[in-house]
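Here are my notes on the model, point by point. Have it open beside you as you read.

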Amino acid sequence: MRRRLIGLLALALLAAACTAGGGGSDKPAATVDPNANHAPLTLTVWSDFSARELGVVTAGLKMATQKYPWMTVKHVGSKNDQDIQRAVNGGTPPDVAISFTPDNAARYCDTGAWQDLNPYLQSSKVDKAKVWPEGVFSYTSFEGKQCALPMLTDAYGLYYNTDLLKKHGISAPPKTTAELADMAKKLTEYNPDGSIKVAGFMPLVGFYGSTTANTLSHAYGAKWYDENLKPTLTSDPNWTKMFTWQKAMVDAVGYDKLQRFAAKLGGANSEFSAQNGFETGKIAMMMDGEWRNAFIEGDKSKVNYATAPFPVDPDQPGLYGSGQIGGTIGGVPKGVKHPAESWLLLQFMTTDNTYLTTIAHGLKNVPSTFESLKDQQLQNDPRFKPFLDVFANQQSTFKPITPIGQTDTDLMNTFTQKWQAGKVPDLQAGLKQVEDQIAKQLQLG
Amino acid sequence: MATTAERPAAALEQASTAARRRRRRRAARHRQLVALAFMSPWIIGFCAFYVYPMISSLYFSFTKYDILSQPKWVGLANYRFMFTSDPLFWVAIRNTLWIIAIMVPLQVLFGIVTATVLTRIKRGLPFYRTVFFLPTMVPLVAAALGFIYILNPAGPVNRVLGVLHLPEPLWFVDPRWTKPGLTLIGLWGIGQVMIIFLASLLDVPRQLYEAAELEGARPWQQFRYVTLPMISPVIFFSVLIGMIQGFQYFTQAFVVSKAGDRTNEVGYPQDSLLFYTSRLYQQGFEGFHMGYAAAMSWVMFVVIMACTVGLIRTSRRWVHYQGGFR
Amino acid sequence: MSATTAAGAAARARRPVPPEIRRRRLLLSVANHSVAIALSIAFLLPFLFILATSLMTNQQALSPNIWPHPFVWSNYKTVFESFPFVRYTLNTVTYAGLATVGVLLSCVPVAYALSRLQWRGRQAAFILVLSTLMLPPQVTIVPLYVIFVRLGWIGSLKPLIIPLFFGDAFTIFLLRQFFMTIPQELSDAARVDGASELQILLRVIVPLAKPALAAVALFQFLYSWNDFFSPLLYAGNNPDSWTLAVALQQFTTLSRGVLWNLQMAASLLFMLPVIVIFFFAQKVFVEGVTLTGVKG
């Protein structure tokens, strides 16, 4: 009887909070007392995890039931952002949503597709600044609305095959992009018919998802937008430097040869399979996220490798040690049936130290809270530590998020594909065109 | 002169004519009601699933709408954006025109060619006809996936080409070859069009060929002056349907773009597969700009109508109907 | 065949055929058959490639081998295990089956009214029916999607099935054309006997229209089986409601590393029922397709 009363009270408070006009983002939201009894409830979590990673997170989520015995968590994988958005539109959203694409967070905040969590944080007396490092807020909030929270995070760096480097007389990984280009040439081996046997580095964008114009842009500190959200692709000279460097690496081997090599490796879809080029020793150096450590272990790959921060512009040596950061985010979609319980689960998933460190070990992801960052096991792993350092580096950022979500990266990717194929004779003109396209799409909103 | 005996008879006749007229009117009304009763499923469906949505989508096209919140009136902004600011609108139009100007004629041509081959076969016609028709039974998604594998840069077709020392294009990875790759899928499924042409070709009266041969016409001339005009209604029909379907081309392009990597943009690689409906889907159901998608759909409707009317008008000049009805 | 040609053919048959003409005819026949055979190989080859790949291991699928060794028949079992193939098949059968039933139930009376009843507005109604054929579905999908969201039907197959219980322009058109070929005398005779229109429809017209009904049912079943865009749109976010077409496409993107051998096995399983139906109902198909095209 008391359970039902508490539930009814929570609902009434929530109803009052909702109907009391919008925009009340500073009013505390109804929450569930974590220590009270509660009717058994199954909450659904949607994420884009699959295969091994799905298992790791599902196992971790069982800890929620240990903490709140009345809560059962059903975890559904392979749900990308469009699936979640469609469910929200259709009125049947999951209770908690996880996304790999923080680019969309601005749109979620803007349209309210994911609820603003500030009221919940206040009610639960969570001090954001004390729990999470400053960097995560750039990709989880937009214009004052905190519609997402990080559930672990990512950092990008350089993976290199120590056997192959030793074979070609290279003792240390490259620190500048010029060194990388040089070493890539040395490390590339060819078959008798001229096709690539081993690639020193895969500079093709559109192959593996970890190598895009965006991730490479961090090597040159190139900025996407200025404070007024106007694209700076032509005004920031670092873009031109980055693209020139990238194309030089493509041309050093040959675009056609690289495409055929990529196809032989199994195409873009082989990135997360055991046929991954780096894991099978066919690619000597690669940019990838810290999760690759877990995949190498999980796929039982025999590659001997080490990790380091990604090389940077020789003219900007201070950038070394930084890279792209930011990754998995979670939120409470609009229209969930049990917002208070959803928040409780999300709070668990984003702040509970045992949960975070357990799945951080399983996924080999960078922990997102100050507390979990202290975890010794990850700090002492020599192949993981470089990524923790990248995350801690003040110059590491995520791409600025905008209400058009991934459209800017999509437009940039299409341009890069044309550029690396040699279809863009004038780089500046091409970049100007992309700028215009992005600006125009921002108009539509 | 009307006698008292005749006047009641006339009155009776008048009365019965009136009664007959009333009965006829009632019968007509009864017939009308019966007909409407038979038509009722369609009438309801037409109003609910055609009339109302069309008006509604016209309204949406003047709004900014993302389903989560109320539509916001923006007047002609969507249309203005479409024609002046949409970065990929004209790309989508160009790609769609490629389908209509290149793929559709190729399909019609291949349909005629395969049907002609079958007309010359005397033995084993059912076998060949079955084989040629079989690929149309394959669901579009399965066909697309099958061809993605077959046209994989490291796949069977390229291996055969390599053995023959012919160039091996990268097919669905190379933007110059993606649409030809899709055309191959389209030609593979030519069976349905072929059957119609086959029936039509067999329908051409033999006398016409014999008369032409007597006048000394070579086979090519026979084809041009006898066959073509006689099958022109079917050519017209195929081109019309092909054109309408071409404007709506979506499934194969979507499957092919996303097959390489799910995170690929619709239209990958390099927007070579971004067709009009793909762009509509991208903006409407990935970007959730529903008002804009509605605007795009209305522009498409107007264009299809205009092209259909245009095609029908020009058809009067080159389509020859045997029965003479139209 | 006119009298002149019959006589001509008979005359030709009486004259012995000179050897050069016989040889030329044989060469022509060989040439025609070779082209037909070449085309047949071209049409059948993709099937063979797909079948071969479905029996390979995943490593082999992208290697230079065209022939699987060993033959991995268990791939088919794996397909059933790795994703709920049975449920997707059930969804597809439900959708296609109910769609066919709905279309037959609703279009037969409508086609009857448009072809065998005289009433005011008949011509206009027919033009309206035809006009919906010309209408691209994209114009109505956005509002229809919103309607179905408000009805709570998104994520189920209802948005696909229920509208088909209210008529389908293509089917109505086909049935109308066919009904018009049935002689009026049959209906008139029944009317004289005092039968109602419904009875005429059910007892006179429908039995005679069986070939057309079969063709129409087959077309609709096939169309629904292969349908991708609508199930993707309306049921795409709920895997429990996926049809095979959607599941197959999503399957590519599911395991983050396309397993081509399984993909091809699943594709073949998807194609199989339709091909089997085709073999058993070939005549109906060909006749039905001819019904659509030649009459213009």
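1. A word on domains before anything else: their bounds come from an automatic or database domain assignment. On that basis chain C splits into domain 1 (3-77) and domain 2 (81-293). Chain B is divided as well, into domain 1 (6-60) and domain 2 (80-318). In chain B the C-alpha centres of domain 1 and domain 2 are 45 Å apart.

2. Some housekeeping. Residues are numbered from 1 along each chain as its sequence is written, while chains are lettered from A and ligands numbered from 1 in the order in which they are written. This is a predicted model, in which local features need pLDDT of at least 70, side-chain atom pairs count only at pLDDT 80 or more, and totals for chains, interfaces and linings use all residues.

3. On confidence, pLDDT is the predictor's own score for each residue, from 0 to 100. Chain A averages 87, and 93% of its residues score at least 70. The stretch to watch is residues 1-26 of chain A, where the pLDDT is below 50. That stretch still has 19 contacts in the model beyond near neighbours in sequence, a contact being two residues whose C-beta atoms, placed from the backbone, lie within 7 Å. Where pLDDT is low, the predicted coordinates should not be read in detail.

4. Now the B-C interface: 77 residues of chain B are in contact with 73 residues of chain C. Which helix of chain B gives the most to this side? That is helix α1 (residues 6-60) of chain B, with 18 residues; helices here are DSSP runs (H or I, at least four residues), strands are runs of E (at least two), and both are numbered from the N terminus. By class, the side of chain B that touches chain C has 54 nonpolar, 16 polar and 7 charged residues. For the classes, Ala, Val, Leu, Ile, Met, Phe, Trp, Tyr, Cys and Pro count as nonpolar, Asp, Glu, Lys and Arg as charged, and the others, Gly among them, as polar.

5. Back to the two domains of chain C. Here 13 residues of domain 1 of chain C are in contact with 10 residues of domain 2 of chain C. On the domain 1 side, α2 (19-54), α3 (58-61) and α4 (74-82) of chain C each supply at least two residues, and α2(C) gives the most, with 4. That side of domain 1 of chain C divides into 7 nonpolar, 5 polar and 1 charged residues.

6. Phe80(C) sits in helix α4 of chain C. Phe80(C) counts as partly exposed because it has 14 C-beta neighbours inside 10 Å; the scale is buried at 20 or more other C-beta atoms within 10 Å, exposed at 12 or fewer, and partly exposed in between, with C-beta atoms placed from the backbone.

7. Chain A has an open, mixed sheet of 5 strands in the order β2-β1-β3-β12-β6, where pairing needs at least two DSSP bridges between two strands. Its edge strands are β2 (71-76) and β6 (149-150) of chain A. Strand β1 (residues 41-46) of chain A runs parallel to β2(A), joined by 6 bridges, and Trp46(A) stands opposite Val76(A) in β2(A). Helix α2 (residues 51-67) of chain A packs on this sheet, touching β1 and β2 of chain A, and its direction makes about 165° with that of β2(A). Such angles run from 0 to 180 degrees between N-to-C directions, with axes fitted to C-alpha atoms, for helices over the stretch in contact.

8. Elsewhere in chain A, strands β8 (residues 189-190) and β9 (residues 196-201) of chain A pair antiparallel over 2 bridges. Glu189(A) has Val198(A) as its bridge partner in β9(A). The hairpin has 5 residues between the strands, and Gly194(A) takes a positive phi near 95° there. β9(A) also pairs with strand β10 (residues 283-289) of chain A, in the parallel sense over 2 bridges.

9. Most residues other than glycine have a negative phi, and most peptide bonds are trans. Lys125(A) has a positive phi near 55° and counts as exposed, with 8 C-beta neighbours inside 10 Å. Ile67(B) has a positive phi of about 70°, but counts as buried, with 20 C-beta neighbours inside 10 Å. The peptide bond from Tyr268(B) to Pro269(B) is cis, with omega near 0°; Pro269(B) lies in the loop between α11 (251-259) and α12 (276-286) of chain B.
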